[in-house]
Amino acid sequence: MAVPLVYHQAYSAPLPSSHRFPMAKFRMLFEALKTSGLAESAQVHTPLPVPRRLLETVHQRRYHEAFARGTLDRQAQRRIGLPATTPLVQRTWLSVGGTLLTARLALAHGVACHLAGGTHHAFPDYGSGFCIFNDIAVSARVLLDEGCLERLMIVDLDVHQGDATALIFADDPRVFTFSAHAASNFPSRKQSSDCDLPFEDGVEDQAYVAAVGEALPSLLDRFKPELVLYNAGVDPHQDDRLGRLCLSDMGLLQRDHFVFDACLRRQIPVASVIGGGYDALDPLVRRHALVFRAAADQARLHGL
């Protein structure tokens, strides 16, 4: 069976042409996956906006209402770095619903991939670093509260530490947070994940993949999660404008293959989100497509 994919055409909300967030990448990624044969129509699932009661398992009502109504103060808006337009509000609620749907599909099929998500700098009462709501945290909390599972692991390989996710689950033994990131990069104030793997600037493919490859299997064996939520940010790439590591396309692909294989050989379902990436759109889309290629390859190898 082909890997389930989650996408909504509203993900690419319009932004001013001068804005540095590459919002068009979601639409372009979907087109690229269709062209390459990695996204057939039967694979694609369309999400609904996350219900308010589920969003509030993580985020405070006064915060999400202020964002949706455009009444956040100037400092809060500047910290997020995105304008609270109506299309952006809609895509933000849809993206959280999309990650939750991806997690449910992974539990049902073994693997599922979201063409968005990974907004790991969103705290319960404020957003930061282009992150408004924490889609991974909401999805984890909902599945646990519903009794769908008892333990899950968040594997965050974006170049920036998953700081808000770490704080949200700091006192929750049901969730294990693992973040491998550039030590000197944003955020300047790091939180404490259950396992942090900080890299010095300039780390290349071999050292990066070896370090993640040494850490992840033992963490999976020790914690025994029933689901892995995988943030496959491509900003560790050597050409990324906001990264400080030096991975190549092949290094990112090896990383993604390794994560899926490590989970699936242990019969742990894995749901991926695309995370960050900041470069010219065409090479950026090619990098984001790598995790979908790895997911398809590993699902086939493991008989899913």
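Contact here means heavy atoms within 4.5 Å. With that in hand, here are some notes on the model.

1. A word on the basis. This is a predicted model, in which local features need pLDDT of at least 70, side-chain atom pairs count only at pLDDT 80 or more, and totals for chains, interfaces and linings use all residues. Residues are numbered from 1 along each chain as its sequence is written, and side-chain values use heavy atoms, with hydrogens and water left out.

2. Let us start with Q43, in the loop between helix 1 (25–36) and strand 2 (44–45); helices (H or I, at least four residues) and strands (E, at least two) are DSSP runs, numbered from the N terminus. Q43 counts as buried, at 9% relative accessibility; buried means under 20% relative accessible area, exposed over 50%, and partly exposed in between (1.4 Å probe, protein chains only). Apart from neighbours within four places in sequence, Q43 touches A2, V3, P4, L5 and L38. A polar atom of the Q43 side chain also sits 2.9 Å from the backbone nitrogen of E40.

3. K224, with phi near 55 degrees, belongs to the loop between helix 8 (205–223) and strand 7 (228–231). Its relative accessible area is 52%, so K224 is exposed. Q267 has a phi of about 60 degrees and falls in the loop between helix 9 (249–264) and strand 8 (270–273). Q267 counts as exposed because its relative accessibility is 74%.

4. Please check the peptide bond between F186 and P187 too: it is cis, with omega about 0 degrees. P187 is part of the loop between strand 5 (175–182) and strand 6 (195–199).

5. Helix 10 (residues 281–301) passes a simple length check. Its 21 residues, at 1.5 Å a residue, should span 30 Å, and the end C-alpha atoms are 31 Å apart, which agrees; the expected span is 1.5 Å times one less than the number of residues. Just after helix 10, G303 adopts a positive phi of about 75 degrees.

6. The structure holds 1 cavity of 30 Å³ or more; on a 1 Å grid over the protein atoms alone, a cavity is a set of points where a 1.4 Å probe fits but cannot get out, and lining residues have an atom within 4 Å of a point. The largest cavity has a volume of about 40 Å³, the volume being the space filled by probe spheres set on the points. Its lining consists of F67, L72, Q77, I80, L82, A84, L88 and I132.

Notes: Polar contact = N/O pair within 3.5 Å; in protein donor to acceptor, adjacent residues only side chain to side chain. 1 Å grid on protein atoms, 1.4 Å probe; cavity = no way out; pocket = protein on both sides within 12 Å on 5 of 7 lines; lining within 4 Å.
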